[in-house]
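Thanks for making time this morning.

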Amino acid sequence: MLLGIGTSGPQVAEGWHGQRFGKQLQRTREYVDILRMALARERLTYDGETYRLPLPDGPGKALKLTIEPVQERIPIYIASIGPKNTQLTGEIADGWLPTFFSPEHVAESRALLEEGAARSGRKLGDEFDIAPTVTLAIDDDLDRARDQMRHFIALYVGGMGSRKRNFYNQLVQRYGFEDAAREIQDLYLDGKKAEAAAAVPAELIDTVSLVGPREKVRDRLSVYREAGVGSLIVSPAHFDPGERRRMLRELAEML
């Protein structure tokens with residue numbers, strides 16, 4: 001088992017999980033501490049800034065797992081986008097789960113991961129896994145493959161957050177797509193979702209996705225390898241299950 005966690009954003013945290021979105025670095029640090037204690041079958045007592053176990057002045061007891069995990073240590077991966085969260089991932093996690101990953105910009109993120117690793121007295125090595133989630137569309141028609149990605153990218157860059165706080169929009173801007181990011185967001189938040197999808201540049205789609213004919217996808221995989229990607233988490237972009245299986249089979253053959 002590989003255990004992946006992430007804090008999401010304020011709209012989801014407060015609207016879906018019922019938790020105030022604040023102190024995310026401290027919350028993540030404490031959460032990982034607690035997970036490691038629990039998975040090591042230690043009795044859980046924890047007195048942090050965001051978590052207290054057991055809760056004071058109540059019936060809670062300090063408990064521990066009664067079952068033993070098969071793995072001696074379950075790797076914990078963190079999904080992070082912002083610079084400080086990425087540093088924290090390098091410091092306390094076993095792997096990084098980037099989304100809208102650009103292998104061309106990995107040097108900046110690797111520097112942040114290495115800074116975090118240095119805080120805990122370690123260096124990033126083969127044991128640290130870079131595991132991006134990448135959307136896949138293998139199709140001889142490149143424009144049709146790109147179109148499969150447009151609404152998904154527009155949703156996140158345009159609508160997954162407010163104008164003031166959208167981590168995905170900020171990430172795309174850091175890649176150099178400042179004008180496009182603002183246009184997509186303005187259109188999406190104005191209710192013009194189709195126009196927002198149409199405004200996603202082809203270059204951005206190619207940067208953060210695996211799209212197009214087999215040869216193009218195969219060439220792109222080599223770029224991911226050179227960027228230090230260890231595990232590739234693939235999400236085929238198609239409604240038909242048979243087509244999704246086809247894409248995964250073809251990708252496996254390429255790998």
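What follows is a short walk through some salt bridges and one patch of surface charge.

Please keep in mind that this is a predicted model, and that a search of the whole structure finds 20 salt bridges. Let me begin with Glu91 and Arg29, which form a salt bridge whose closest N and O atoms are 3.0 Å apart. Because Glu91 belongs to helix α3, residues 83-92, and Arg29 to helix α2, residues 24-39, this pair ties together parts that lie 62 residues apart in sequence. Glu91 is buried, with a relative accessible area of 14%, whereas Arg29, at 27%, is partly exposed.

Asp206 counts as buried at 16% relative accessibility, and Arg146 counts as buried at 14%.

The salt bridge between Asp179 and Arg182, at 3.0 Å from N to O, sits within helix α7, where the two residues, being 3 apart, are separated by about one helical turn. Asp179 is exposed at 58% relative accessibility, while Arg182 is partly exposed at 40%. There is also a network, in which salt bridges with shared partners join Arg214, Glu243, Arg246, Glu250 and Glu253.

Finally, which residues gather in a patch of negative charge on the surface? They are Asp140, Asp141, Glu215 and Asp219. Of these, Asp141 lies in the loop between β7 and α5, and at 34% relative accessibility Asp141 counts as partly exposed.

Definitions and conventions:
Residues are numbered from 1 along each chain as its sequence is written. This is a predicted model: local features need pLDDT of at least 70, side-chain atom pairs count only at pLDDT 80 or more; totals for chains, interfaces and linings use all residues. Side-chain values use heavy atoms; hydrogens and water are left out. Patches are made of residues with over 30% relative accessible area and no salt bridge: like charges are joined within 9 Å, nonpolar side chains (Val, Leu, Ile, Met, Phe, Trp, Tyr) within 5 Å. Accessible areas come from the Shrake-Rupley method with a 1.4 Å probe; for residues, only the protein chains shown count as cover. A salt bridge is a side-chain nitrogen of Lys or Arg within 4 Å of a carboxyl oxygen of Asp or Glu. Lys and Arg count as positive and Asp and Glu as negative; His and the chain ends are not counted. The place of a charge is taken as NZ of Lys, CZ of Arg, CG of Asp or CD of Glu. Helices (H or I, at least four residues) and strands (E, at least two) are DSSP runs, numbered from the N terminus. Buried means under 20% relative accessible area, exposed over 50%, partly exposed in between (1.4 Å probe, protein chains only).
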